[in-house]
Amino acid sequence: EATSHRQYPLYNIYTHVRRQMGFYVWNIAFVMLLIMSLSFTAFSVPPNKPWSRLNVSISLLLTSVAFKIVVTHSLPKISYLTLLDKYVLFCMVFQCLMVTQNALASLFIGGDARHFDNISKAFMATVAVFAHLLFGGYVWITTRTITKLLERADDEYMHLCKKIDEFYHETNGILAVSGFTYEDARSAYDPGKNGVKPQTQLLPKKTADWYSTV
């Protein structure tokens with residue numbers, strides 16, 4: 001606050017921003033999708049060789065963990081989970097389920113092991129497809145919602161700029177841009193409104209003389 005007890009204009013500035021998600025989609029989400037998809041290659045190993053299957057699955061899981069540690073430096077450090085964080089965690093949980101399946105497949109013998117593999121492949125593929133459809137739909141809806149909100153904010157801003165410009169031209173430029181309160185501007189623009197007396201001392205001399213004769 002000023003020691004002169006004068007009133008000064010107060011400006012409230014709002015900024016609408018949106019992160020460009022193309023970088024994160026292609027460099028993080030797409031890479032995680034490829035690593036997760038490679039988990040199905042473990043089914044190419046016969047079920048009677050669980051150590052070979054686990055070698056493939058665990059190697060891919062460790063690759064995902066290492067990749068997440070690397071990309072963490074490119075992500076904002078916030079206290080909540082973003083949609084990208086949830087997707088990366090889903091891929092890692094999916095790979096953990098694949099490791100568990102490979103371990104359980106060693107408990108079956110002969111035809112039972114192949115039958116268990118077929119059921120597991122169908123189930124895991126269904127989960128992967130459904131989850132990606134769900135993520136894709138959610139991202140599409142969220143993107144459209146944010147776009148509409150930003151467009152609405154832009155429209156409101158342009159409307160406000162138009163009203164300010166109209167007010168400036170209606171006052172014929174008699175007011176200075178800074179140093180006026182709302183009451184000062186209103187009294188100079190419409191001196192008879194709500195009983196407000198014209199602030200002639202704030203206006204140019206010719207304009208003040210004109211107000212004094214009214």
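## Overall architecture

The structure is a predicted model. Its chain contains six helices and zero strands, so that the order of elements from the N terminus reads α-α-α-α-α-α. The chain has 214 residues, of which 27% are buried. Among the contacts with a separation of 6 or more, 65% join residues 24 or more positions apart.

On the α1 side, the contact is formed by Asn-27, Ile-28, Val-31, Met-32 and Ile-35. On the α2 side, Leu-60, Thr-63, Ser-64, Phe-67 and Val-71 take part. By class, the residues of this contact of α1 with α2 are seven nonpolar, three polar and no charged.

In the second pair, the axes of α3 and α4 come within 11 Å, with a crossing angle of roughly 175°. The helices α3 and α4 are therefore roughly antiparallel to each other as well. The α3 residues in this contact are Leu-83, Lys-86, Tyr-87, Phe-90, Phe-94, Leu-97, Met-98, Gln-101, Leu-104 and Ala-105. They meet Ala-113, Phe-116, Asp-117, Ser-120, Met-124, Val-127, Ala-128, Ala-131, His-132, Phe-135, Tyr-138 and Val-139 in α4. The contact of α3 with α4 divides into 17 nonpolar, three polar and two charged residues.

## The largest nonpolar core

The largest nonpolar core has 21 residues, and Ile-28, Met-32 and Leu-84 touch the most other members. Two or more residues of this core come from each of α1 (22–37), α2 (50–71), α3 (83–105) and α4 (111–170). Helix α3 gives the most, with eight residues.

Met-32 is placed in helix α1. What does Met-32 touch, not counting residues up to four places away in sequence? Its partners are Ser-64, Phe-67, Tyr-87, Val-88, Cys-91 and Met-92. Met-32 has a relative accessible area of 0% and is therefore buried. Between Met-32 and Thr-63, which are 31 residues apart in sequence, the C-alpha to C-alpha distance is 9.6 Å.

Phe-67 is located in helix α2. Leaving aside residues up to four places away in sequence, Phe-67 touches Asn-27, Ile-28, Val-31 and Met-32. Those four residues also belong to the α1 side of the contact between α1 and α2. The relative accessibility of Phe-67 is 18%, so Phe-67 counts as buried, since the cut-off for buried residues is under 20%. The C-alpha atoms of Phe-67 and Val-88 are separated by 9.9 Å, while the two residues are 21 residues apart along the chain.

Ser-39 lies in the loop between α1 and α2. Is Ser-39 buried or exposed? With a relative accessibility of 2%, Ser-39 counts as buried. Ser-39 touches Leu-60, Gln-95 and Met-98, not counting residues up to four places away in sequence.

Asn-102 has its place in helix α3. At 0% relative accessibility, this residue also counts as buried. Beyond residues up to four places away in sequence, Asn-102 touches Ala-42, Pro-50, Arg-53, Leu-54 and Ser-57.

## Cysteines and accessibility

A disulfide is a covalent bond between the sulfur atoms of two cysteines. How many disulfides does a search of the whole structure find? The search finds zero disulfides. Cys-96, at 38% relative accessibility, counts as partly exposed. Cys-161 is likewise partly exposed, because its relative accessibility is 29%.

The table below gathers the accessibility values of the residues discussed individually.

| Residue | Relative accessibility | Class |
|---|---|---|
| Met-32 | 0% | buried |
| Ser-39 | 2% | buried |
| Phe-67 | 18% | buried |
| Cys-96 | 38% | partly exposed |
| Asn-102 | 0% | buried |
| Cys-161 | 29% | partly exposed |

Terms used
Residues are numbered from 1 along each chain as its sequence is written. This is a predicted model: local features need pLDDT of at least 70, side-chain atom pairs count only at pLDDT 80 or more; totals for chains, interfaces and linings use all residues. Side-chain values use heavy atoms; hydrogens and water are left out. A nonpolar core is a set of buried Ala, Val, Leu, Ile, Met, Phe, Trp, Tyr and Cys residues joined through side-chain atoms within 4.5 Å. Buried means under 20% relative accessible area, exposed over 50%, partly exposed in between (1.4 Å probe, protein chains only). Contact means heavy atoms within 4.5 Å. A disulfide is a pair of cysteine sulfur atoms within 2.5 Å. Ala, Val, Leu, Ile, Met, Phe, Trp, Tyr, Cys and Pro count as nonpolar, Asp, Glu, Lys and Arg as charged, and the others, Gly among them, as polar. Axes are lines fitted to C-alpha atoms, for helices over the stretch in contact, and angles run from 0 to 180 degrees between N-to-C directions. Angles under 35 degrees count as roughly parallel, over 145 as roughly antiparallel, 65 to 115 as roughly perpendicular and the rest as oblique.
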